[in-house]
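I opened my notebook to write down a few things I wanted to look up here.

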Amino acid sequence: GPYGTTFNPGYDPSLPLFDPWPLYDAMRAANAPGGAAPSPWAQVQKKERVSPPGGSAPDPYDRVVYIGEEGSTLHRVLLTQGVVLSDLREVQSLGGKAGRVLLVVDASSPREVPSVDADIWYWAMTPEGAAMVPGLKLREVRRSSFIPRNRSVVKGLAPSDFYFCELQRQDACRWSMYGPFVDGGEVLLEACAADWRAWNKQPEDMKTAALLRSERQCPAQRAVVVRSGRITVSTLEDFLRSEKGYTTLHRIFETAGLPLTEVSGPVFGAFDDGIYQPGILTRPVN
């Protein structure tokens, strides 16, 4: 159509060059010569935004066990976040005396998950690792911005906390989830329908159409973090290239009740694979 892009460069000679939206008229009135001019947008009744019920915060965990290769990206992320990790054999030997236990599983590839009385978080889930969770299916949805549901481990976080399009060109996730596991669970975070990277820093003659196309082609089911019973699955895999991503994940860990040690020090930078490193641990992780 004539306004499929920002302007109407001759697509339809009967229409003006562009179609102003309300902010245009408001800004023109505010910057009128000699002072602000009357504007119908000077007084606008704002609708109160009502958030869905968030429920109570989860009980804190006594022990966190990492399941995956030592030195992997996820393992290093847990260490730089200050997550206090426990040994699996110690937890198994304690049995019911281990307290509330969380298994953090690197789901980038299929692996055996030990039988322990624990909650399970599958991180960086891929189609290869999906076989570990019955009823879970994945489809490709590449995004770097997400919409949180105001509940559970993302309670109190806003869409702005999950907007990484200005900070990185890399996909923060490549997959969304669907299937019986999602249908029977609770979606905590979903991908934004529109890929704003199709708009940001793109030529004016294509950005609007490209953004609209990304939204129209996005599947209806865009879940990237889902909880069902004692299992939580996340397809997020690359959003820790900035201080913002680090802070967002740290707030998730705090809300979830993971045991954390202080992270301090003047060292700022990143791992070789692009993972933000805020500083050095004040004491070794167990």
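I started with the side chain of threonine 126: one of its polar atoms lies 3.0 Å from the backbone oxygen of serine 108. I count a polar contact as a pair of N or O atoms within 3.5 Å; within protein, one must be able to donate a hydrogen and the other to accept it, and residues adjacent in sequence count only if both atoms are side-chain atoms.

Before going on, I noted that this is a predicted model, where local features need pLDDT of at least 70 and side-chain atom pairs count only at pLDDT 80 or more, while totals for chains, interfaces and linings use all residues. Residues are numbered from 1 along each chain as its sequence is written, and side-chain values use heavy atoms, with hydrogens and water left out.

Where does threonine 126 lie? I found it in the loop between β3 (119–123) and β4 (137–143); strands are DSSP runs of E with at least two residues, helices are runs of H or I with at least four, and both are numbered from the N terminus. Threonine 126 is buried, at a relative accessible area of 4%. For that word I use under 20% relative accessible area, with exposed over 50% and partly exposed in between (1.4 Å probe, protein chains only). Leaving out residues up to four places away in sequence, threonine 126 touches Ala107, Ser108, Ser109, Leu138, Arg174 and Trp175, contact being heavy atoms within 4.5 Å.

Next I looked at aromatic rings. Rings of Phe, Tyr and Trp (its six-membered ring) pair if their centres lie within 6.5 Å; planes under 30 degrees apart count as stacked, over 60 as edge-to-face and the rest as tilted. That rule gave me 5 aromatic pairs. One of them joins tryptophan 121 and tryptophan 123, tilted, at 5.6 Å centre to centre and 55° between the planes. Why is the pair of tryptophan 123 and phenylalanine 253 edge-to-face? Because their planes stand at 80°, with the ring centres 6.0 Å apart. Tryptophan 123 is in strand β3 and phenylalanine 253 in helix α6 (residues 243–256), so this pair ties together parts 130 residues apart in sequence. I wrote down Trp121, Trp123 and Phe253 as one aromatic cluster. Tryptophan 123 and phenylalanine 253 are both buried.

Last, I followed α6 itself. Its buried residues include Tyr246, Leu249, Ile252 and Phe253. After α6 comes glycine 257, with a positive phi near 85°.
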